[in-house]
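Student: I have a new structure to read, and I want to understand the words used for it. Can we go through it together?

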Amino acid sequence: MMLLSSSEVVAARGEAVEIESAERRGGDGNVRKKKGLLGLNGYALAAAVLASTNSILLGYDIGVMSGALLFIEPQMHLSNFQKEMLVGSLNFASLIGSLASGKTSDWIGRRYTIVLAAGTFLLGAVLMGFAQSYAWLMAGRVVAGIGVGYALMIAPLYVAELSPAMTRGFLTSLPEVFITVGVLVGYLMNLAFARLPAWINWRIMLGIAGVPAIGIALGVIIMPESPRWLVMKGRTAEARRVLVRTSDSEAEAEIRLLEITNAAEAEALKGKQAGVWKQLLLSPTRPVRRMVVAAVGINFFMQASGNDAVIYYSPQVFKEAGLGDPKERIMVTVVMGIAKTSFCLVSAMFLDNYGRRPLLMLGTSGMAASSATLGLTTRILRNSTRKPAWAMVVSIIAVCADVSFFSLGLGPITWVYSSEIFPLRLRAQGTALAVSVNRAVSGTVSTTFLTISEAITFSGMFFIFAGIMAAATLFVYFFLPETKGISLEDICSLFERESDPKDGISSNAATVASSY
């Protein structure tokens with residue numbers, strides 16, 4: 001196929017829009033498909049949900065480990081350092097999966113990489129459930145972590161490549177929605193099994209995660225492959241069949257196929273000039289450099305926010321907030337999980353209407369205010385002989401607000417943004433690089449949170465998180481252009497511009513967005 005210029009592609013889009021308008025006025029009613037929930041393509045939604053369920057495994061681990069630690073600690077006589085290593089080992093091990101996922105997904109496909117992720121996590125869950133020693137338990141965490149690394153990179157990337165441009169934000173945020181659902185389910189499992197004998201309850205809490213992993217691995221087999229991966233492998237006819245099912249009309253599918261094929265051929269020519277990692281890190285062009293900064297930066301701030309540490313160590317955080325009874329702490333943690341899940345759903349619903357930047361800036365500034373408030377109230381509680389009731393209430397509200405603002409902004413949008421900004425030839429390994437930074441920072445924070453908090457107090461730790469989130473707000477403002485409603489093939493144009501990123505869409509990309 002001959003490469004088309006951007007003006008020819010835009011003209012073709014305009015022709016498709018005219019065809020669709022004629023169809024709506026009384027043309028062939030069978031050509032245009034019915035849209036389902038929230039105007040979404042039903043087939044694309046089903047595939048996105050199946051892929052995103054992989055993320056429930058990480059969320060479950062985060063949620064359930066916070067309660068399981070209460071029972072593992074006395075049985076295995078763990079020190080704070082051992083607890084930090086137990087929690088953080090999964091995040092550091094996920095570096096292996098996230099780094100390997102780029103090459104793997106380019107080799108065996110996006111779909112079977114999801115199956116690989118679920119299978120690896122299943123093995124880790126079985127090892128943790130039957131662990132007889134701390135070393136055995138750590139081994140299970142490492143294996144599960146590798147599976148998590150694969151899942152975190154591949155689920156949003158697959159959904160982004162499958163989704164139509166105008167609903168990509170909602171669909172690609174589903175992995176984070178499922179992470180928060182997993183966190184909540186983990187908290188509920190803590191409540192459900194806490195009354196069992198201490199030698200068995202934490203084993204069930206950790207091992208039961210293998211059950212959904214089996215269902216995920218089987219369910220993913222019936223999913224379609226990413227049309228962009230199929231085009232990259234020269235399987236254009238298969239890609240067209242997938243695009244017809246995930247588009248609102250055959251005319252739109254043909255235009256999407258034309259864009260993808262055109263971009264893939266152009267990128268194949270560029271790809272012959274240098275290897276992927278050389279193009280990403282050693283000699284990137286200016287647009288690619290900006291993409292790497294944006295993807296790595298947003299993933300850094302996502303985990304430097306301290307959200308994972310708050311979730312993993314929520315019973316200790318609520319103890320610092322004045323709650324002494326372990327059962328009370330678990331109950332409040334469940335409330336926090338409900339708030340986190342609710343705000344993640346709100347973000348997913350409005351992401352394609354309001355855009356990435358406004359929700360990111362609201363989320364990061366909200367986290368800065370919440371963390372500062374939590375730092376202030378925990379300092380008051382620490383220095384008071386009588387714990388003021390108002391300070392306890394404000395502390396609990398601040399924790400819930402902190403995780404809620406995270407779920408409104410950085411939580412879902414990080415996965416959306418880092419999976420959509422790279423061109424096809426760099427997307428898998430560029431996203432893998434960003435997710436690797438995510439995992440490294442998450443592991444560092446979770447393995448040092450208790451130790452640093454002991455040294456500078458919990459209030460000092462939350463003041464640091466507040467400062468980091470203030471810096472994150474500035475980073476979003478200056479470095480992240482708006483990508484709402486723009487096809488993956490046209491997002492590159494945003495990073496070629498010199499102007500203010502808040503302006504969002506370039507003239508060519510604006511034409512693209514208005515055409516859909």
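Tutor: We will take some labels one by one and set each value against its cut-off. Keep in mind that this is a predicted model.

Student: What makes up the chain, helices or strands?

Tutor: Helices. The chain has 23 helices and zero strands. Buried residues make up 60% of its 516 residues. The chain exposes about 19200 Å², and carbon and sulfur atoms supply 68% of that area.

Student: How many of the contacts join residues at least 24 apart?

Tutor: Take the contacts between residues at least 6 apart in sequence. Of these, 81% join residues at least 24 apart. Ser101 and Leu152 give a case of two residues set apart in sequence: 51 residues along the chain, and 9.4 Å from C-alpha to C-alpha.

Student: Why is Ser101 called buried?

Tutor: Buried means under 20% relative accessible area. Ser101 has 0%, so it counts as buried. It is found in helix H4, residues 80-108. Leaving aside neighbours within four places in sequence, Ser101 is in contact with Tyr150, Met153 and Ala432.

Student: How do you know that Arg427 is buried?

Tutor: Use the same cut-off, under 20%. Arg427 has 1% relative accessibility, so it counts as buried. Its place is in helix H22. Beyond its neighbours within four places, the contacts of Arg427 include Glu161, Arg228 and Phe422.

Student: Why is the pair of Phe350 and Tyr354 called tilted?

Tutor: Two numbers decide. Rings pair if their centres lie within 6.5 Å. Here the centres are 5.6 Å apart, and the planes make an angle of 45 degrees. Stacked needs under 30 degrees and edge-to-face needs over 60, so the rest are tilted. The pair of Phe350 and Tyr354 is therefore tilted.

Student: How far apart are Phe350 and Tyr354 along helix H18?

Tutor: Four residues, in a helix that spans residues 326-354; that separates them by about one helical turn. An α-helix has 3.6 residues a turn, so residues three or four places apart point the same way.

Student: What makes the pair of Phe475 and Phe479 stacked?

Tutor: The angle. Their planes are 25 degrees apart and their centres 5.1 Å apart. Phe475 and Phe479 both lie in helix H22, residues 424-479, four residues apart. Phe475 has 11% relative accessible area, so it is buried. Phe479, at 43%, is partly exposed. Ring pairs also link Phe300, Phe301, Phe475 and Phe479 into a cluster. The count of aromatic pairs comes to nine.

Student: How do you know that the charged end of Arg357 sits over the ring of Tyr477?

Tutor: One condition is a distance within 6 Å of the ring centre; the other is a direction within 35 degrees of the ring normal. Arg357 is 5.7 Å from the centre of the Tyr477 ring and counts as sitting over it. Arg245 lies over the face of Tyr43, at 3.9 Å from the ring centre.

Student: Why are the buried residues of H2 said to line one face of the helix?

Tutor: Helix H2 spans residues 42-52, and its buried residues are Ala44, Leu45, Ala47, Ala48, Ala51 and Ser52. Seen down the axis, they fall within an arc of 165 degrees, so they line one face. These residues pack against several helices, among them H3, H5 and H12. At the start of H2, a side-chain oxygen of Asn41 comes within 3.0 Å of the backbone nitrogen of Tyr43.

Student: Which phi value does His77 have, and where is it found?

Tutor: Its phi is near 55 degrees, a positive value in a residue other than glycine. His77 is found in the loop between H3 and H4. At 65% relative accessibility, it counts as exposed. Thr457 has a positive phi too, about 75 degrees, and is not a glycine. Thr457 is found in helix H22. With 17% relative accessible area, Thr457 is buried.

Methods: Residues are numbered from 1 along each chain as its sequence is written. This is a predicted model: local features need pLDDT of at least 70, side-chain atom pairs count only at pLDDT 80 or more; totals for chains, interfaces and linings use all residues. Side-chain values use heavy atoms; hydrogens and water are left out. Helices (H or I, at least four residues) and strands (E, at least two) are DSSP runs, numbered from the N terminus. Buried means under 20% relative accessible area, exposed over 50%, partly exposed in between (1.4 Å probe, protein chains only). Contact means heavy atoms within 4.5 Å. Accessible areas come from the Shrake-Rupley method with a 1.4 Å probe; for residues, only the protein chains shown count as cover. Rings of Phe, Tyr and Trp (its six-membered ring) pair if their centres lie within 6.5 Å; planes under 30 degrees apart count as stacked, over 60 as edge-to-face and the rest as tilted. The arc is that of the directions from the helix axis to the C-beta atoms. A polar contact is a pair of N or O atoms within 3.5 Å; within protein, one must be able to donate a hydrogen and the other to accept it, and residues adjacent in sequence count only if both atoms are side-chain atoms.
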